[in-house]
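Here is a short briefing on one protein chain. Please look over the sequence and the model, then read the points below.

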Amino acid sequence: MNNLNFETIFQSKIDEETKIEPKDWMPEAYRKTLIRQISQHAHSEIVGMLPEGNWITRAPSLRRKLILLAKVQDEAGHGLYLYSAAETLGADRDDLVQQLLTGKAKYSSIFNYPTLNWADIGAIGWLVDGAAIMNQVMLTRTSYGPYARAMVRICKEESFHQRQGYEIMIAMAKGSPEQKAMAQDSLNRWWWPSLMMFGPNDSDSTHSDQALKWKIKRKSNDELRQQFVDVTVPQAEYLGLTVPDPDLRWNEERGHYDFGEINWDEFWSVVKGNGPCNRQRLQARVKAYEDGAWVRDAATAYAEKKEQRKLAPEATAKAA
């Protein structure tokens with residue numbers, strides 16, 4: 001059977017909503033697309049621990065500390081699930097990590113912005129995790145089985161992350177005038193980067209059409225961005241906060257909110273490594289990797305020693 005027939009069978013399975021599993025035949029381009037997307041997703045979870053991690057000790061109460069600590073721990077777990085899913089496609093985890101540490105691999109541009117105060121932790125949970133959920137719920141139905149199954153658990157946990165962020169924003173917005181001003185300032189700074197999380201406009205996206213055909217993605221970047229705006233604007237109104245977009249207005253005819261143009265120059269600048277915290281984020285990950293070398297070495301040595309002990313009785317028996 002030639003590749004053309006294999007591709008026909010492969011596409012028919014996707015069209016019939018049959019999940020593609022690791023041992024199934026798949027086009028090389030499909031495999032590479034998944035490795036790129038899943039690894040970038042994993043990198044984003046790992047780097048995403050950094051903006052919030054430095055607020056664990058500065059959270060305003062023990063309850064907030066515990067919640068934030070649990071959230072950051074969840075994100076580490078998400079990275080683990082996703083790296084494991086990429087490995088089912090033949091990717092090597094060490095190679096993927098090296099691509100991140102050398103700057104070759106990308107991660108979500110949103111994590112290259114600083115967290116300046118406690119309200120930013122609320123804004124990240126509400127807006128950033130809210131945007132992530134919008135994208136990730138779609139991925140629970142992606143065509144590749146291991147990725148889809150990993151996303152089911154991730155989405156359940158992300159929903160709690162979004163709620164804790166909105167809870168913080170409610171407390172800030174309903175608090176003192178100074179607290180409400182902090183909440184508004186955070187919304188002002190995180191709104192546009194959150195819209196950028198969905199990626200470039202469909203007309204400028206190089207991977208969207210094929211990803212939609214293969215059902216790796218279920219909705220386009222622009223569709224997801226519109227959905228996020230439609231859901232989030234009423235939440236901002238409930239908080240008594242103003243979305244920082246003078247062009248924002250409800251369009252009765254479309255049944256959606258119209259919103260202003262995103263600053264794509266800023267988006268591409270951050271993607272290319274020139275954001276406020278790009279260098280800081282990579283330096284932190286490189287330092288963590290280097291500081292953890294002894295743990296990896298010890299684990300490897302222990303595994304080798306354990307294997308040697310296992311083989312020793314067999315060698316003795318053969319010699320006898």
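Glu17 is partly exposed, with a relative accessible area of 41%. (Buried means under 20% relative accessible area, exposed over 50%, and partly exposed in between, with a 1.4 Å probe and protein chains only.) This is a predicted model, in which local features need pLDDT of at least 70, side-chain atom pairs count only at pLDDT 80 or more, and totals for chains, interfaces and linings use all residues. Residues are numbered from 1 along each chain as its sequence is written, and side-chain values use heavy atoms, with hydrogens and water left out.

**Positive phi in two loops**

- Glu17 sits in the loop between α1 (3–15) and α2. (Helices, H or I of at least four residues, and strands, E of at least two, are DSSP runs numbered from the N terminus.)
- Glu17 is not a glycine, yet its phi is positive, at about 65°.
- Most residues other than glycine have a negative phi.
- Lys215 is another non-glycine residue with a positive phi, here about 60°.
- The loop between α9 (208–213) and α10 holds Lys215.
- Is Lys215 buried or exposed? Lys215 is buried, at 18% relative accessible area.

**Helix α5 and its ends**

- Helix α5 covers residues 93–101, and its Leu96, Val97, Leu100 and Leu101 are buried.
- Why do these buried residues line one face of the helix? Seen down the axis of α5, they fall within an arc of 135°, so they line one face. (The arc is that of the directions from the helix axis to the C-beta atoms.)
- (Contact means heavy atoms within 4.5 Å.)
- Asp92 caps the N-terminal end of α5. One of its side-chain oxygens lies 3.0 Å from the backbone nitrogen of Asp94.

**Ile46 in helix α2**

- Ile46 lies in α2 and is buried, with a relative accessible area of 12%.
- Which residues does Ile46 touch, not counting residues up to four places away in sequence? They are Ala76, Gly79, Tyr83 and Arg285.
- Ile46 and Met138 are 92 residues apart in sequence, and their C-alpha atoms are 21 Å apart in space.

- Leu195 belongs to helix α8 (residues 177–196).
- Leu195 is buried, with a relative accessible area of 0%.
- Leaving aside neighbours within four places in sequence, Leu195 is in contact with Arg225, Phe228, Val229, Phe259 and Ile262.
- The C-alpha atoms of Leu195 and Ser205 are separated by 15 Å, with the two residues 10 apart along the chain.
- Gln226 is in helix α10 (residues 221–239).
- Gln226 is also buried, at 13% relative accessible area.
- Its side chain makes a polar contact of 3.2 Å with the side chain of Arg254. (A polar contact is a pair of N or O atoms within 3.5 Å; within protein, one must be able to donate a hydrogen and the other to accept it, and residues adjacent in sequence count only if both atoms are side-chain atoms.)
- Beyond neighbours within four places in sequence, Gln226 is in contact with Arg254, His256, Tyr257 and Phe259.

**Gly292 between α12 and α13**

- Gly292 is found in the loop between α12 and α13 (293–319).
- Gly292 counts as buried, at 16% relative accessibility.
- Gly292 and Met196 are 96 residues apart along the chain, with 33 Å between their C-alpha atoms.

**The whole chain**

- The secondary structure comes to 13 helices and 2 strands.
- The C-alpha trace spans about 85 × 50 × 30 Å along its principal axes.
- Of the 320 residues, 46% count as buried.
- Among contacts between residues at least 6 apart in sequence, 76% join residues at least 24 apart.
- The accessible surface is about 16,600 Å², and 55% of it belongs to carbon and sulfur atoms. (Accessible areas come from the Shrake-Rupley method with a 1.4 Å probe; for residues, only the protein chains shown count as cover.)
- How many positive and negative side chains does the chain have? There are 41 positive and 43 negative side chains. (Lys and Arg count as positive, Asp and Glu as negative; His and the chain ends are not counted.)
- The centres of the two sets lie 6 Å apart. (The place of a charge is taken as NZ of Lys, CZ of Arg, CG of Asp or CD of Glu.)
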